[in-house]
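Please look over the sequence and the structure before reading on.

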Amino acid sequence: MTSSGDALCKACNEQGEIACPLCGNPMPAGRGDACEPCYWTRTCRKRIIIGQAGITTKALREAFGEFGEWLIRTTGPHKAALKINHFFSFFLEIDQAWSRIPSYSELLHHFGAEGLRRVRLPMRWLHEEQGVEPDHQAKKIDSEKRRIKACLRSMPSASLSEKALHAYWQQLETRIEAGKTSHTSARLALRAAAALLLATDREGQRLPQQGDVDNYLQAVPGQAASVTGFTNFLNRQHATTLAPRVDVKRARKRRKETLARTLMTMARCADQGEAWREAWIVAAMEYFHDTKLTQKMLRQQTVERTTDGIQVVVGGVTYWLPLDIEC
């Protein structure tokens with residue numbers, strides 16, 4: 001029996017610890033012919049050999065073996081043995097597509113940024129051991145393209161709104177190719193257009209009229225700039241006179257209501273630590289004083305606790321805030 005009350009096997013009970021036949025390190029006698037690290041190392045190597053048999057190109061067979069050994073060293077033999085079969089399909093696909101180790105741009109084009117995220121360890125090995133340099137800008141563009149495709153698929157199939165959104169995307173794509181806008185800006189504009197179309201008619205059988213634009217911007221006034229490009233596009237294509245108009249007074253009232261709900265919710269929060277305090281000050285400054293701050297900006301200001309609240313000095317002006325409000 002161990003000190004914790006667990007039963008020992010006969011070998012462990014009689015011999016205690018012995019030297020591992022493979023590495024010489026001490027191990028329980030009952031483990032037999034290998035300690036735990038040696039057992040998992042041996043298991044991983046067996047799986048590597050089995051995987052190599054399925055790879056046709058000599059260079060890729062060797063690469064898979066080298067990756068497996070790197071994985072054992074990097075993650076430990078247990079994790080490596082459990083993960084190696086999962087990564088085999090990545091090397092097999094490389095073998096079938098190129099019969100060599102491809103460049104990062106080739107990998108990105110074939111697998112996409114999302115696909116490469118699923119094989120972070122092989123990509124790390126390719127970078128560290130094979131000199132495959134990641135292109136972060138290309139990766140960002142690929143991610144934006146994936147989001148754009150998802151946005152285009154968000155419309156009802158074969159609907160009027162789908163046709164309008166695809167036509168708008170063709171215009172944006174032309175601007176990207178001409179270097180007049182970025183994939184990120186185009187994606188944001190396309191997302192705003194899709195949101196307006198869905199807010200107008202979920203079935204996609206009707207394009208926005210001025211009342212639809214007004215209602216949409218009443219709910220999200222901050223989207224006025226983003227939706228302007230789409231309304232201009234509709235005006236040109238359909239001879240409409242849409243104008244993104246924001247009722248500033250109404251938008252401010254809605255913002256006040258949102259901030260009030262936020263402060264009420266925060267007042268009920270049991271955990272009122274430093275993060276809560278910063279978030280409270282940011283929301284309260286806008287609610288009580290119409291002064292917008294980010295938490296980063298707040299950390300550069302003078303903040304003092306008073307007997308009845310908080311004083312925040314911004315641009316030489318002192319603002320008082322309560323630390324709580326009536327719920």
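The structure is a predicted model. Residue numbers start from 1 along each chain.

## The nonpolar cores

The largest nonpolar core holds 31 residues. Those that touch the most other members are Phe67, Leu71, Phe90, Phe91, Leu107, Leu116 and Met123. Two or more residues of this core come from each of the elements α2 (36–52), α3 (58–75), α4 (77–97), α5 (104–117) and α6 (120–130). In soluble globular proteins, nonpolar side chains tend to be buried together.

When neighbours within four places in sequence are left aside, Phe67 is in contact with Ile84, Phe87, Phe91, Leu121, Pro122 and Trp125. Another core lies apart from the largest one and has 28 residues, including Ala189, Tyr216, Ala224 and Val227.

## Aromatic pairs and cluster

Across the whole structure, 15 aromatic pairs are found. One of them joins Phe64 and Phe91 in an edge-to-face arrangement, with 5.3 Å from centre to centre and 65 degrees between the planes. Because Phe64 belongs to helix α3 and Phe91 to helix α4, this pair ties together parts that are 27 residues apart in sequence. Phe64 has a relative accessibility of 0% and therefore counts as buried. Phe91 is likewise buried, its relative accessible area being 2%.

A further pair, Phe90 with Phe111, is tilted, with 5.2 Å between centres and 45 degrees between the planes. This pair links distant parts of the chain, since Phe90 is in helix α4 and Phe111 in helix α5, 21 residues apart. Both Phe90 and Phe111 are buried. One aromatic cluster is formed by Phe64, Phe67, Trp70, Phe87, Phe88, Phe90, Phe91, Phe111 and Trp125.

## The largest pocket

The elements α5, α7 (136–152) and α8 (160–177) each give two or more residues to the lining. By type, the lining divides into eight nonpolar, four polar and seven charged residues.

## Three individual residues

Glu93 is found in helix α4. With a relative accessible area of 33%, Glu93 is partly exposed, because that class lies between the 20% limit for buried and the 50% limit for exposed. Not counting residues up to four places away in sequence, Glu93 touches His110 and Phe111. The C-alpha atoms of Glu93 and Phe111 are 9.8 Å apart in space, while the two residues are 18 residues apart in sequence.

His109 is placed in helix α5. Its relative accessibility of 74% makes His109 count as exposed, as the cut-off for that class is over 50%. A distance of 20 Å separates the C-alpha atoms of His109 and Leu60, which are 49 residues apart along the chain. Asn235, by contrast, lies in helix α11 (residues 224–238). At 18% relative accessibility, Asn235 counts as buried, because the limit for that class is under 20%. Beyond residues up to four places away in sequence, Asn235 touches Thr240, Thr241 and Leu242.

Notes:
Predicted model: local features only at pLDDT ≥ 70, side-chain atom pairs only at ≥ 80, totals over all residues. Heavy atoms only, no water. Core = buried A, V, L, I, M, F, W, Y, C linked by side-chain atoms within 4.5 Å. Buried < 20%, exposed > 50% of the residue type's maximum accessible area, 1.4 Å probe, protein only. Helix = DSSP H or I, 4+ residues; strand = E, 2+ residues; numbered from the N terminus. Contact = heavy atoms within 4.5 Å. Nonpolar A, V, L, I, M, F, W, Y, C, P; charged D, E, K, R; others polar. Phe/Tyr/Trp six-rings, centres within 6.5 Å; stacked < 30°, edge-to-face > 60°.
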